[in-house]
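Please look through the model below before reading on.

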Amino acid sequence: MGGATTPRFNVHTHGTWGTIGTAVAVAKLFDLDAPAIRQVMNLAVSMSPANSWVPCFEGATIRNLFPGRSGLQGVLAVHLHRCGFTGPVDAPADVYGVILGERFEPDEAVRRLGEEYRIATNYFKLHACCRINHYALDALGRIMRAHRFDAADVEQVTVTSIPFGERMAEPAPATMLAAKFSIPYAVAASLVLGRTDLAAFEDAAVADPRLHRMAARVEIGSDPAMNPRGPADYPTAVVTVALRDGRTLTDATTVVRGDSAAPADLGEIIEKFETLAEPILGAARARAVVEAVDRIDELKNIRDLTSLLSAA
C-alpha cells in the first residue's frame, strides 16, 4: 500500500501502513472470509493516522507513538466490523489518494502479488537516525576510511542530497529525537565521535559542544534530481569535506548499505540487535531470541519466541 501511494509533502507515513497491515493480520486470525477482510481493510484505512514530520524536527516524542497507535487502530477495525460498523467502498482511493497522498495507484499495490514479497527487500538501518541522513553518512564514512584526518582538520563539509534533506538542516538539535533528524548533527557525530550508533544520539552526545561547533560547519544543499526511488545509478547524496590543509575530499552514495540492493552482512545485523537488546534482556536471552528467530519456521507456537521478548 505504501509503494502504491505518493505521500503529501508534510505527511510522515511512520505507522500509516501499519493500520491496514495489522487489520488484515487480525482479520485472518479471526478466519474472516475475503469480502469481510475487504470491509475490515476499508475500516482500517479510514482510521490511518495523519502524521506530520513536525514532531520529528522538534524532537516531540509523540512521534514514537505513531506505529503503536496504527497497530491499535488496526486491531480496532476488526472489532468494529464485528460490531456492524461499515467503511467506504474504496477507502484507499480516498484516504491515500486524496487526503494523506497525492496519488494512489491500486495496480502498483498488487503488482506481482504472490510472486515477490516486499519483506525480502527490507532495509536494515546501520545508523541510529532517520534514513535520509544515511545517504550522506555512508559517503562520509567512505571518505573517512580512505583518508587520514581528524575532526580538527575539517574546515567545512558540504552535503548535497534529496530536496527533503533541506528540512533536516538544524545544526543544534535540542533533544535525542531531533538529533536523529538533523543531517549536520549526524555528520558531526561521525566526524567527532567516529560513530553513528545509538550512543551518538543520546543526551550526553547531544549536549557535547564539540558536536555543535562541527555541525555549524556543515552546509546542506539539494539536487532536485536526487530521489531514493529514482535511477539506481544516480546519487542520493554527494559529500565534500574541505580540510584546513587545502585538500578537498568527495564521495557519493547511490544505494545505502543495509538496503536489499546493498545488503549488510547478517553478522552485522545480529550484532546490532544484541547491542540494543542486551541492556534490556541480558546477553543470554538476547542470544536466545536470535536462535529462536533463526528457526522460526520450526516453532510450534509463536509464544516460544514472544516469551523471550520481555525482561527476565
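In which loop is Arg-112 found? Arg-112 sits in the loop between helix H6 (106-109) and helix H7 (131-146); helices here are DSSP runs of H or I with at least four residues, strands are runs of E with at least two, and both are numbered from the N terminus. The model is predicted: local features need pLDDT of at least 70, side-chain atom pairs count only at pLDDT 80 or more, and totals for chains, interfaces and linings use all residues. Residues are numbered from 1 along each chain as its sequence is written, and side-chain values use heavy atoms, with hydrogens and water left out.

Most residues other than glycine have a negative phi. Arg-112 has a positive phi, near 55 degrees, and is partly exposed at 40% relative accessibility. Buried means under 20% relative accessible area, exposed over 50%, and partly exposed in between (1.4 Å probe, protein chains only). Asp-31, also not a glycine, has a positive phi of about 60 degrees. Asp-31 lies in the loop between helix H1 (16-29) and helix H2 (34-46) and is exposed, with a relative accessible area of 68%.

Over the whole chain, the secondary structure amounts to 14 helices and six strands. Of the 312 residues, 40% are buried. The C-alpha atoms fill a box of roughly 70 × 50 × 35 Å along the principal axes. Of the contacts (heavy atoms within 4.5 Å) between residues at least 6 apart in sequence, 69% join residues at least 24 apart.
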